[in-house]
Amino acid sequence: MFSTKIMMPMVEVKEETRDITFKIFRYNPQIDAQPFFDDFNIPVEKGITVLRALNYIKENIEPRLSYRAFCQAGICGSCAMKINGVTKLACTTQVWDELENCAEENVLLIEPVSNLHVLKDMVVDMDMVVDKIEKYFGWVSTKMPENQFGKKEFNIPEEEFKLYDAATDCILCASCISECTMTKANKDYITPAVLLKTYRMESDSRDSISDKRMDTLVEKNGVWDCTHCYRCMEYCVKHIPIMDSIHHLREKAIETRGKTDTAGAKHADAFVKDIQSKGRLVESLLPIRTNGLMWTVRNMLPMAFKLTKKGKTPPPPFLMKPIPGIKSLRDLLADLKNRNQTTHNGKGGSK
Ligand code: SF4
Ligand code: SF4
Ligand code: FES
């Protein structure tokens, strides 16, 4: 436990000040066999951000403490870390606001983002994200002929920009990656941030590599593997509607490629068929229809036993009756399907 009673020099003391402990994740793979936590107790004035408190600890108590930060204004995306268990930007998070989220009174828990390899303390390896941006063609490859380069601007209509305006707000902080359930289960999964970037590039009319991008996107670990848990959207530090982008990509995948043979595509298909037929999921059959009988027996049987012991087994399919009002739901779905077909026919099948 490190302790100091020195007043923070960065602000004039006018506001309320409290002694707060920062319980910080420490790990230097060159010298530490295991990660551990260090406690730093410092007086913090109301109005101080987590990043400024970390700067104080680094400048006055523990110079070896490592974390990334640059803009200090929520723009560069480098200071993402877990604060009291939730991934946030340290430079836009007030220590005072976090006090109500502490498991132990006045003790802030600081950890690196999840799902990325820790290099040292809060510094994680972003190569996985960069590699995926490369794999999924996260850039616009221009349609402009080379002899026109530098001679004229290649503008897009304002209406088109509105389609991906929100996606351009992404600062690649990796908070959504840290909170993504699918990335936790499968490190090869594309990740929400890369899906968002892919959508942004895919929607740009100046781009010429949609075919290559969509081909890769519908493969295993791509757009169909998202489980729709919505956590990425809930925790995005820029409040970007990431799920809208994922839905747009899926619509485009169906329009241009049809459904593909991945578990994610089968899962989506089974999901829609259940809703059409009963208005709810037939959960007992969903794993078999998604991953096949052998996979289900191998991977789900132990869980099925546990659920049975606790009396939480989903009802067998033959006992599941359609929900009341299923007819109006089916009418709605049919109407939606017709409208989609009309729109796609009108647009030549692509947006
Ligand atoms: S909705 Fe999909 S991308 Fe977003 S957190 Fe869940 S699994 Fe990940
Ligand atoms: S989508 Fe949001 S949370 Fe994810 S990297 Fe971009 S800004 Fe960060
Ligand atoms: S330091 Fe740039 S976003 Fe926090």
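**Confidence**

I began by reminding myself that this is a predicted model. The chain has a mean pLDDT of 89, and 92% of its residues reach 70 or more.

**Domains**

Next I checked how the chain is divided, and I wrote down domain 1 (2-124) and domain 2 (126-260). Their centres, taken over C-alpha atoms, are separated by 32 Å. To their contact, domain 1 brings 14 residues and domain 2 brings 15 residues. On the side of domain 1 that touches domain 2, I found strand 4 (80-83) and strand 5 (86-89), each supplying at least two residues. Strand 5 has the largest share of that side, with four residues. By type, I sorted this side of domain 1 into eight nonpolar, four polar and two charged residues.

**Core**

Which residues have the most contacts inside the largest nonpolar core? I found Ala53, Met81 and Val223, in a core of 63 residues. Helix 7 gives the most to this core, with six residues. Both domains take part, as the core draws at least three residues from each of domain 1 and domain 2.

**Ligand 1**

I listed the surroundings of ligand 1 and found Cys180, Thr181, Met182, Pro192, Cys226, Thr227, His228, Cys229, Tyr230, Arg231 and Cys232. Two helices, helix 6 (181-185) and helix 9 (231-235), each supply at least two residues of this shell. My tally by type is seven nonpolar, three polar and one charged.

**Ligand 2**

For ligand 2 I noted 14 surrounding residues, the closest being Cys170, Cys173, Ser175, Cys176 and Cys236. Helix 5 (175-179) and helix 7 (192-202) each give at least two residues to the shell around ligand 2. This shell divides into 12 nonpolar, one polar and one charged.

**Asn84**

I found Asn84 in the loop between strand 4 and strand 5. Not counting residues up to four places away in sequence, Asn84 touches Glu98, Asn101, Cys102, Leu108 and Leu109. I also checked Asn84 against Gly264, 180 residues apart along the chain, and their C-alpha atoms are separated by 32 Å.

**Positive phi**

Most residues other than glycine have a negative phi, so I kept an eye out for exceptions. Gln72 has a positive phi of about 60 degrees although it is not a glycine. I located Gln72 in the loop between helix 1 (50-60) and strand 4. Gln72 is partly exposed, with 17 other C-beta atoms within 10 Å.

Phe137 also went on my list, as a residue that is not a glycine but has a positive phi of about 55 degrees. The loop between helix 3 (127-135) and helix 4 (158-164) holds Phe137. I marked Phe137 as buried because 22 other C-beta atoms lie within 10 Å.

Methods
Residues numbered from 1 in each chain as written. Chains lettered and ligands numbered in written order. Predicted model: local features only at pLDDT ≥ 70, side-chain atom pairs only at ≥ 80, totals over all residues. Near = placed C-beta within 6 Å. Nonpolar A, V, L, I, M, F, W, Y, C, P; charged D, E, K, R; others polar. pLDDT = per-residue confidence, 0-100. Domains from an automatic or database assignment. Contact = placed C-beta atoms within 7 Å. Core = buried A, V, L, I, M, F, W, Y, C linked by C-beta atoms within 7 Å. Buried ≥ 20, exposed ≤ 12 C-beta atoms within 10 Å, placed from the backbone.
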